[in-house]
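Open the model in your viewer and keep the selection tool handy. We will go from stop to stop, picking side chains as we go.

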Amino acid sequence: MSSVVSTKCWLCPETYEKKKDLKSHAISEHSVCRVVCPWCVDSERTFGRMSELTKHSKRKHNDLTIDLLEGDFFTEPNGFWLAKRPDDYVRIIKPSEWTSTIAIRTRAALLGWVEATKKEGSDKHKKSWEEGWKKALGHSVTSEQPTSSRKRKYSPSRPLVDLP
């Protein structure tokens, strides 16, 4: 006799037999995987999935992102670092490693974007992301910059995502 294990949504009373169904529900009904575009500095652009950010980046920022499209930047695990709600994102998608090069560069790009937008509440966003990362992963969080011999400012034409 086999027993069915159900997985309950942490945001509503819904339950699912398969984790992939819970993931689909959490994304479509609760927008838990919304990610921000770190190159749209004029306004905050968010996308429901990393695949949507990839399409947007190819259309709007292809000159900036062509090298990134070949690597791990636009993967679901790396989307954690761009997630509006990292504490929810981590419940359904395992993030890329904290110390991985791509994770460090992605955090630097996002924090550079926050710094560049300088809109009302940007410090709140920065703190929210850092706290979300910390809470989700149990790490102490610092605002990292990419390792480089020269420190440079963020700009949409030269984002803080340095590639090897």
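Start by selecting Cys-12 and Cys-9: the sulfur of Cys-12 has its closest cysteine sulfur in Cys-9, 3.7 Å away, which is too far for a bond, since a disulfide needs the two sulfurs within 2.5 Å. Cys-12 is buried, at 15% relative accessibility. Next pick Cys-37, which is in no disulfide either; its nearest cysteine sulfur belongs to Cys-40, 3.7 Å away. Cys-37 is buried too, with 0% relative accessibility. Across the whole structure, the search finds zero disulfides.

Before moving on, colour by confidence, as this is a predicted model. The average pLDDT is 77, and 73% of the residues score at least 70. Residues 140-152 fall below 50, and this stretch has 25 contacts in the model beyond near neighbours in sequence.

Now for the aromatic rings, where the search finds seven pairs. Select Trp-39 and Phe-74: their ring centres are 6.2 Å apart with planes at 45 degrees, so this pair is tilted. The two residues are 35 apart in the chain, with Trp-39 in the loop between β3 (35-36) and β4 (46-47) and Phe-74 in the loop between α3 (62-65) and α4 (76-79). Both are buried.

Phe-73 is buried, at 0% relative accessible area.

For the last stop, show Phe-80, Trp-81, Tyr-89, Trp-98 and Trp-133, a cluster linked by ring pairs.

Terms used. Residues are numbered from 1 along each chain as its sequence is written. This is a predicted model: local features need pLDDT of at least 70, side-chain atom pairs count only at pLDDT 80 or more; totals for chains, interfaces and linings use all residues. Side-chain values use heavy atoms; hydrogens and water are left out. Buried means under 20% relative accessible area, exposed over 50%, partly exposed in between (1.4 Å probe, protein chains only). pLDDT is the predictor's confidence in each residue, from 0 to 100. Contact means heavy atoms within 4.5 Å. Rings of Phe, Tyr and Trp (its six-membered ring) pair if their centres lie within 6.5 Å; planes under 30 degrees apart count as stacked, over 60 as edge-to-face and the rest as tilted. Helices (H or I, at least four residues) and strands (E, at least two) are DSSP runs, numbered from the N terminus.
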